[in-house]
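Thanks for coming, everyone. I'll keep this brisk. Please look at the structure while I talk.

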Amino acid sequence: MPRPISALIDLPALSHNLDLLRQHAPHAKVCAVVKANAYGHGLERVLPALRSADALAMLDLSEAQRARSAGWRGPIWMLEGAFEARDLELCSSLGLWHTVHCDAQIDALSRHKTQVPHRIFLKMNSGMNRLGFPTQRYRSAWARLQALPQVDEISHMTHFSDADGERGVLHQWQVFQDVTRDLDGERSLANSAAMLRHPATQADWVRPGIALYGSSPDPQSHSSDDWGLRPVMTLQSQLIAVQDLQTGDSVGYGSLFAAERPMRIGVVACGYADGYPRHAPTGTPVLVQGVRTRTLGRVSMDMLAVDLTPCPQATEGADVTLWGRSKQGTVLPIDEVARAAETVSYELMCALATRVPVEVVA
């Protein structure tokens, strides 16, 4: 018998989230962000549910090749552009759009031999201070690209640092507007949080990522249910043992939890080698047969313990939902697990281990 842990990828939920996000940005085109192997969901697995997207966005040329091999014929946008000059050959052969964020990328384009000019997204550093041309040099970079025969259409982009927080986007949005006001070309600014919280920034293209996969882009303010999003990934397992504890008995490595009274606990076939966060503390939410309970003690490589007090009938073989939708229909948002573990849902999704079998729900 195989180990009972598995992940479910719910394609109807993904399609629902894409449709919902499009409704929030009815005048913009939607570029679905599928970087990092579609946030851990599997690029090839999710493509059938993203066919209505206007474009895909990613980072790695190998993923662009995979998307083309899987039948995606629409635009593909490389969010960090070419990492070296020879990458432009693949951009030409695969028909990729790509970001330009530094002088070296313009220099490489100027030397590139191509029959078909490239679609470029010129990136402005409007205050996040990662990638992009500073505002005082942005227009000169645009003029350089305009002069190149290797370049066709130039669009404008930036990325917000605080779209999900109290500071918001106005400080960056205004800078972007001021610098690009009289320049031709489409605009793209909004990620998931910006397109939902700051609709004025939606412009020509929106770039939803985390919201596509059913996680709230601003979990400190809104739950996924508040936004109407459905979980796409469910991590599920079973109880493989039940233990009866007496007062003072401890659980797991380091004896981090000790029973304050007699209690039953369950041992779940899931650990940090499966992608569950080792640093998740006692009290991290989990579902047993659809009933909400908590983890106990330290997460091991292959196992973790849960409190069976709220579900006294549960025994070996009972289903366990680490995040996502249980077999009983109860949903445990991945954001709640991430919050308990002091991380973000992105990390949990991307950390799903290759040893975990994946089933696609179509």
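Four helices each supply at least two residues to the lining of the largest pocket: H2 (35–39), H9 (192–197), H11 (334–340) and H12 (345–350). This is a predicted model, by the way. Of these contributors, H11 gives the most, with 3 residues.

How much space lies in the largest pocket? About 770 Å³. Its lining counts 35 residues. Lying nearest the centre are Lys35, Tyr39, His159, Asn191 and Tyr346. By class, the pocket lining splits into 16 nonpolar, 10 polar and 9 charged residues.

The structure has 4 cavities of 30 Å³ or more. I'll take two of them.

The largest cavity has a volume of about 60 Å³.

On to helix packing. Two packed helices are described by the angle between their axes and the distance between the axes. Take H6, residues 103–111, and H7, residues 135–146. They pack at an angle of about 10°, and their axes lie 11 Å apart. Parallel or antiparallel? H6 is roughly parallel to H7, because angles under 35 degrees count as roughly parallel.

What meets what? From H6 we have Asp103, Ile106, Asp107 and Leu109. From H7 we have Arg137, Ala141, Arg144 and Leu145. The residues of this contact divide into 4 nonpolar and 4 charged, with no polar ones.

Next, two threonines. Look for threonine 343 in the loop between H11 and H12. Is threonine 343 buried or exposed? Its relative accessible area is 17%, and the cut-off for buried is under 20%, so threonine 343 is buried. Leaving out residues up to four places away in sequence, threonine 343 touches His279, Ala338 and Leu348.

Threonine 354 sits in another loop, between H12 and strand S20 (358–361). Here the relative accessible area is 85%. Exposed means over 50%, so threonine 354 is exposed. How far apart are the C-alpha atoms of threonine 354 and tyrosine 276? They are separated by 12 Å, while the two residues are 78 residues apart along the chain.

Last, the whole protein. There are 12 helices and 20 strands. The C-alpha trace spans about 75 × 40 × 35 Å along its principal axes. Of the 362 residues, 53% are buried. Finally, consider contacts between residues at least 6 apart in sequence. Of those contacts, 63% join residues at least 24 apart.

That's my tour. Thank you.

Terms used. Residues numbered from 1 in each chain as written. Predicted model: local features only at pLDDT ≥ 70, side-chain atom pairs only at ≥ 80, totals over all residues. Heavy atoms only, no water. 1 Å grid on protein atoms, 1.4 Å probe; cavity = no way out; pocket = protein on both sides within 12 Å on 5 of 7 lines; lining within 4 Å. Points joined across faces, edges and corners; volume = space filled by probe spheres on them. Axes fitted to C-alpha atoms, helices over the stretch in contact; angles between N-to-C directions. Parallel < 35°, antiparallel > 145°, perpendicular 65-115°, else oblique. Contact = heavy atoms within 4.5 Å. Nonpolar A, V, L, I, M, F, W, Y, C, P; charged D, E, K, R; others polar. Buried < 20%, exposed > 50% of the residue type's maximum accessible area, 1.4 Å probe, protein only.
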